[in-house]
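Here's a quick briefing to read with the model open beside you. Take it topic by topic and find each spot as you go.

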Amino acid sequence: MSLFLKGEISLPGDKSISHRAIIFASLSDGMCKVSNLGSGRDNRSTISILRNLGVTIKKQADTWLIKGVGLRGLKEPTNTLNAGNSGTTIRIMTGILSAQPFFSVLTGDKYLVKRPMKRIIEPLSMMGAKIYGRANNEYPPLAILGNNNLKGIDYKLKVASAQVKSSILLAGLYADGITTVTEPYLSRDHTERFMKYLNVPIRQEGFSTTITYTEHLPSFDLDVCGDISSASFFIVAATLLKDSDILIKNVGLNKTRTGILDVLTAMGADISLLNIHNRCGEPVGDIHVKGVTNLRGVTINGDIIPRLIDEIPIITVAAAFAEGTTVIDDAAELRVKESDRIKAMVTELKKLNINIEETESGMIIHGGNIPKFAKVKTYGDHRIAMSLSIFGLCSAKGVELDDKSSISVSFPQFFEKIKELTV
Ligand code: S3P
């Protein structure tokens, strides 16, 4: 009998929500307890930066205790702050540091220092911060001379981005007057939901969010829901391995993140959602997936893209095993993620005998080719490494990855969880 996945698993906390939980707890007025915090290196980078800004953060058994210093209690760091591989950390922290009455420098690993930062430097400078970056203010390291007298702005983003939106909204908490951010499409709204949960005066209208000056954030306790981006690898694997039947417990089901469920369902996957409830302003539930035999290609473009931006590499794996053609478009943002994810997936899937074409802002995958074995490259990118691993699990021929170490950026338990589902 061929391989299939069976059983029930729970996943580590959502990476995006975990970053925000660490940040809001650090800026709150008291002691916060956070359990099931994301366990990857990215979330550790946020913890380490806030510790270097004077916040006491400790782990007791499975719970993180974060003693908030209040919105105005951060201290000037004595050294450079390192965001590691984490775009969310550097971009959101730049927003906060822009509003502090001190100097700080943010940097990251060899991948992060090549990611574009003008998109945050421009609006935060308009608010009154002084920020300098490498290569004519495009790349980190970022030197930030904060200003405790920021002014609110009305800013339109060219690309939907939760990192940029959150960076401006967090600076807006400190700014005089009103700050409004408008996106072309709605990106993940965890920052807005968290702020609402903490009673921050925030208003959403269409794709615009408005915030005003805030004095205090209350402390809170939170049990972070499982990460739908991590769940996606198992959802695709269970869909492709036909006798599979799995239940993934307590996953975040925020609409701005569930595009992958809509796409896989349209491709013919058997996915159902159970036990949906609310946790601190976020919908959470269990995902039940059964294997199928007849996935078909689909077109993915427009406003669904921000709802599945991190899942496109694993969606290309599903498309490779589907019948017919899948077209992915309007996803040029993929080129400035942890790696150029369009180029990475096209190059590596070609080595595995998949018929796939690169376009400027996406790719075209003609499903149905018989995969062959190949040694593949992961480009130091966790989502490329996990997507190619799932390809290997679902292909009769397997794959060999050049390096698995990037996986610990978001999901150190990835292989352990596969084992739990395959015994
Ligand atoms: C994130 C936002 C997205 C996403 C990233 C996490 C966040 O990035 O790709 O993995 O937590 O805000 P962009 O804001 O650049 O789209």
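β6 and strand β8 (residues 139-145) pair in the antiparallel sense over four bridges; two strands count as paired if DSSP finds at least two bridges between them. Helices (H or I, at least four residues) and strands (E, at least two) are DSSP runs, numbered from the N terminus. This is a predicted model, where local features need pLDDT of at least 70 and side-chain atom pairs count only at pLDDT 80 or more, while totals for chains, interfaces and linings use all residues. Residues are numbered from 1 along each chain as its sequence is written, and side-chain values use heavy atoms, with hydrogens and water left out.

**The sheet**
- Strands of a sheet pair through backbone hydrogen bonds, either parallel or antiparallel.
- Here, four strands make an open sheet in the order β5-β6-β8-β7, with mixed pairing.
- β5 (81-82) and β7 (130-133) sit at the edges with a single partner strand each, so one side of each has no neighbour in the sheet.
- Look for serine 104: its bridge partner in β8 is isoleucine 144.
- Threonine 107 belongs to strand β6 (residues 103-107).
- At 14% relative accessibility, threonine 107 counts as buried (buried is under 20% relative accessible area, exposed over 50%, partly exposed in between, with a 1.4 Å probe and protein chains only).
- Not counting residues up to four places away in sequence, threonine 107 touches several residues, including Thr80, Leu112 and Pro141 (contact means heavy atoms within 4.5 Å).

**Threonine 46**
- You'll find threonine 46 in helix α2 (residues 41-52), and it's buried, with a relative accessible area of 0%.
- Its side chain makes a polar contact of 2.8 Å with the side chain of histidine 19, and another with that of threonine 89 (2.8 Å).
- A polar contact is a pair of N or O atoms within 3.5 Å; within protein, one must be able to donate a hydrogen and the other to accept it, and residues adjacent in sequence count only if both atoms are side-chain atoms.

**Helix α8**
- 13 of the 13 residues of α8 are buried, so the helix is largely enclosed by the rest of the structure.
- Aspartate 227 caps the N-terminal end of α8, with a side-chain oxygen 2.8 Å from the backbone nitrogen of serine 229.

**Cysteines**
- How many disulfides are there? The count comes to zero, where a disulfide is a pair of cysteine sulfur atoms within 2.5 Å.
- The sulfur of cysteine 280 is 9.4 Å from the closest cysteine sulfur, in cysteine 225, which is too far for a bond.
- Cysteine 280 is partly exposed at 23% relative accessibility, whereas cysteine 394 is buried at 14%.
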